[in-house]
Amino acid sequence: MMTTEVRFEPPTSRPVPHKRYSATAKYDKAAMRRRLDLEEWIDSQLRLLFDCQDEGDYEAEIDVDEVMELPTTEQKVAFVSGCLSKCRHSTDNFTRELLE
């Protein structure tokens with residue numbers, strides 16, 4: 001009858017010590033607050049423009065990042081106007097205030 005042996009040899013070199021890493025993210029809280037305030041303002045204005053009572057009733061979505069990436073004011077106005085094409089009210093004041 002055969003027997004099988006398993007041997008564990010100690011490492012021949014010194015073990016590498018584990019380094020402790022910590023990752024923290026620093027956020028610009030003031031910028032985050034301005035962004036949140038802007039998004040809340042947009043939401044409230046869209047509710048007024050679309051005569052909404054409940055959340056999510058209006059049929060428009062404006063990506064602020066996408067608007068800011070556009071190089072000219074004319075392109076920004078055209079983009080926002082396109083997003084608000086289903087609105088029955090005038091959106092000129094909203095668009096002007098948004099882009100200020």
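The model is predicted, so local features are described where pLDDT is at least 70 and side-chain atom pairs count only at pLDDT 80 or more, whereas totals for chains, interfaces and linings use all residues. Residues are numbered from 1 along each chain as its sequence is written, and side-chain values use heavy atoms, with hydrogens and water left out.

**Helix packing**

Two packed helices are described by the angle between their axes and the distance between the axes. Helix H1 (residues 29-49) packs with helix H4 (residues 92-99) at an angle of about 175 degrees, and their axes are 11 Å apart. Helices here are DSSP runs (H or I, at least four residues), numbered from the N terminus, and axes are lines fitted to C-alpha atoms over the stretch in contact, with angles from 0 to 180 degrees between N-to-C directions. H1 and H4 are therefore roughly antiparallel to each other, a term used for angles over 145 degrees. On the H1 side, Leu-38, Trp-41, Ile-42, Gln-45, Leu-46 and Leu-49 meet Phe-94, Glu-97 and Leu-98 of H4, where contact means heavy atoms within 4.5 Å. The residues of this contact divide into 7 nonpolar, 1 polar and 1 charged; Ala, Val, Leu, Ile, Met, Phe, Trp, Tyr, Cys and Pro count as nonpolar, Asp, Glu, Lys and Arg as charged, and the others, Gly among them, as polar.

**The nonpolar core**

In soluble globular proteins, nonpolar side chains tend to be buried together. The largest nonpolar core of this model has 16 residues, and those with the most contacts inside it are Leu-46, Phe-50, Ile-62, Val-80, Leu-84 and Phe-94. Such a core is a set of buried Ala, Val, Leu, Ile, Met, Phe, Trp, Tyr and Cys residues joined through side-chain atoms within 4.5 Å, and buried means under 20% relative accessible area, exposed over 50%, and partly exposed in between (1.4 Å probe, protein chains only). H1, helix H2 (64-69), helix H3 (73-83) and H4 each supply at least two residues of this core, and the largest share, 3 residues, comes from H1. Not counting residues up to four places away in sequence, Val-80 touches Ile-62, Val-67, Phe-94, Thr-95 and Leu-98.

**Two loop residues**

Asp-51 lies in the loop between H1 and H2 and counts as exposed, at 52% relative accessibility. Although Asp-51 is not a glycine, it has a positive phi of about 50 degrees. Thr-91, in the loop between H3 and H4, counts as buried at 13% relative accessibility, and, leaving aside neighbours within four places in sequence, Thr-91 is in contact with Leu-49 and Leu-84.

**Salt bridges**

The whole structure holds 6 salt bridges, each defined as a side-chain nitrogen of Lys or Arg within 4 Å of a carboxyl oxygen of Asp or Glu. The table lists some of them.

| Pair | Closest N and O atoms |
|---|---|
| Arg-33 and Asp-37 | 2.8 Å |
| Asp-65 and Arg-35 | 2.9 Å |

Terms used: Parallel < 35°, antiparallel > 145°, perpendicular 65-115°, else oblique.
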